[in-house]
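Let's take a walk through this one together. Have the sequence and the 3D view open, and follow along residue by residue.

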Amino acid sequence: MEVVTPVTIFQNALLSGAEVVRSVKLLSQLKGVFEDEAAFEKMDGDQVVYEVDAWLPVAEGTEGGLFFGLTHLYPGTVGDEYFMTRGHVHAVENRAEYYWGLEGEGLLLLMDSNRHTRAERMFPGSLHYIPGYTAHRVVNTGDSVLRFGACWPSDAGHNYEVIDKNGFSRRVKSSDNEPVLL
Ligand code: PAN
Ligand code: ZN
C-alpha cells in the first residue's frame, strides 16, 4: 500500500503547502465599498484589509470539484464602519458554500435575491451554510483578526459586479464600540 503525505496542511487556523496561493486585498482596492468616503481618502490605502489563502486542486470552472479557502480579515474601521470583505454572489448563482469561524468574531451578511439581508454571528466553531443565489460578505466586528474557512464548488466562480454596483441593503457600524446592523 502506498501512503503519501498530503501536500496541503490546515492547522492552527493556517493553510500551508506548495499548492496554496495567497491573494491580498489592500484598502485602496476597496474604494466605494465603505460609506464614509472622506474617512476612506484619509487612510493609508496600502494597508491590508484581508488575505485569502486558497487551495484550488482542480482548474477553476471544473464541474464536481471543490475549493478550499482561508480568509484572514484584519480589524479596523473606515469612519465607524467595520472592515469587511468585498462580497459577491457566485457566477453560477445556484452554487452554495460553507463558511466556518476559526478565530476572532464577526458577522456574516447574507443577502437574498430580493435584497433582504440577514446576519449570522461568526466565532470560533460557528458553521454557516450559504445557499445559492445569496450574496455573502464578512464583517470583522472584533479587535483582533477574524479567520474563517470556506469550501465552495470549483465551478461556482465569483460575480462582484452586482455588489460593487448596489452594495448590500444593510451596513454594520460601530456605535459605542458595539456592532449595529443599519
Ligand atoms: C471566499 C471569499 C473570501 C474573500 O473564499 O472569496 O472570503 O471575499 P471576497 O471574494 O468577497 O473578496 C468565498 O466566498 N469564496 O467563494
Ligand atoms: Zn463565495
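**From a buried lysine to the zinc site**

Start at Lys-173, which is buried at a relative accessible area of 14% (buried means under 20%, exposed over 50%, partly exposed in between, with a 1.4 Å probe and protein chains only). Before going on, a word on the ground rules: this is a predicted model, where local features need pLDDT of at least 70, side-chain atom pairs count only at pLDDT 80 or more, and totals for chains, interfaces and linings use all residues. Residues are numbered from 1 along each chain as its sequence is written, chains are lettered from A and ligands numbered from 1 in the order in which they are written, and side-chain values use heavy atoms, leaving out hydrogens and water.

Who does Lys-173 pair with? Its side chain meets that of Asp-80 in a salt bridge, 4.0 Å from N to O (a side-chain nitrogen of Lys or Arg within 4 Å of a carboxyl oxygen of Asp or Glu). This pair links distant parts of the chain, 93 residues apart: Asp-80 sits in the loop between strand S6 (77–78) and strand S7 (81–82), while Lys-173 is in strand S14 (helices, H or I of at least four residues, and strands, E of at least two, are DSSP runs numbered from the N terminus). Asp-80 is partly exposed, at 37% relative accessibility.

Another salt bridge joins Arg-147 and Glu-103, at 3.2 Å from N to O. Arg-147 belongs to strand S13 (residues 146–153) and Glu-103 to strand S8, so this pair ties together parts 44 residues apart in sequence. Here Arg-147 is buried, at 17%, whereas Glu-103 is partly exposed, at 31%. Back at Lys-173, salt bridges that share partners make one network out of Glu-35, Asp-80, Glu-81, Arg-171 and Lys-173.

The count of salt bridges comes to 11, and one of them is between Lys-31 and Glu-41, 2.7 Å from N to O. Lys-31 lies in the loop between strand S3 (20–26) and H1, and Glu-41 in helix H1, 10 residues apart. Lys-31 is exposed at 58%, and Glu-41 counts as exposed at 52%.

Which residues hold the zinc ion (ligand 2)? His-88 (NE2), His-90 (NE2), Glu-97 (OE) and His-136 (NE2) coordinate the zinc ion at 2.1 to 2.3 Å (donors are N, O and S atoms within 2.8 Å of the metal, or 3.2 Å for Na, K and Ca; water is not among the atoms, so sites may look incomplete). The six donor atoms subtend angles of 73 to 173 degrees around the zinc ion (ligand 2), which makes the arrangement octahedral (six donors count as octahedral if opposite donors are over 155 degrees apart and all others between 65 and 115). Glu-97 lies in strand S8 (residues 97–103) and His-136 in strand S12 (residues 135–140), so they tie together parts 39 residues apart in sequence. Glu-97 is buried at 5% relative accessibility, and His-136 is buried at 1%.

Follow strand S12 along to Asn-140, buried at 0% relative accessibility. Its side chain reaches the backbone nitrogen of Gly-142 at 2.9 Å, and a polar atom of the Asn-140 side chain lies 2.9 Å from the backbone oxygen of Ser-144.

How values were computed:
Four donors count as tetrahedral if all angles lie between 85 and 135 degrees; four count as square planar and six as octahedral if opposite donors are over 155 degrees apart and all others between 65 and 115; anything else is irregular. A polar contact is a pair of N or O atoms within 3.5 Å; within protein, one must be able to donate a hydrogen and the other to accept it, and residues adjacent in sequence count only if both atoms are side-chain atoms.
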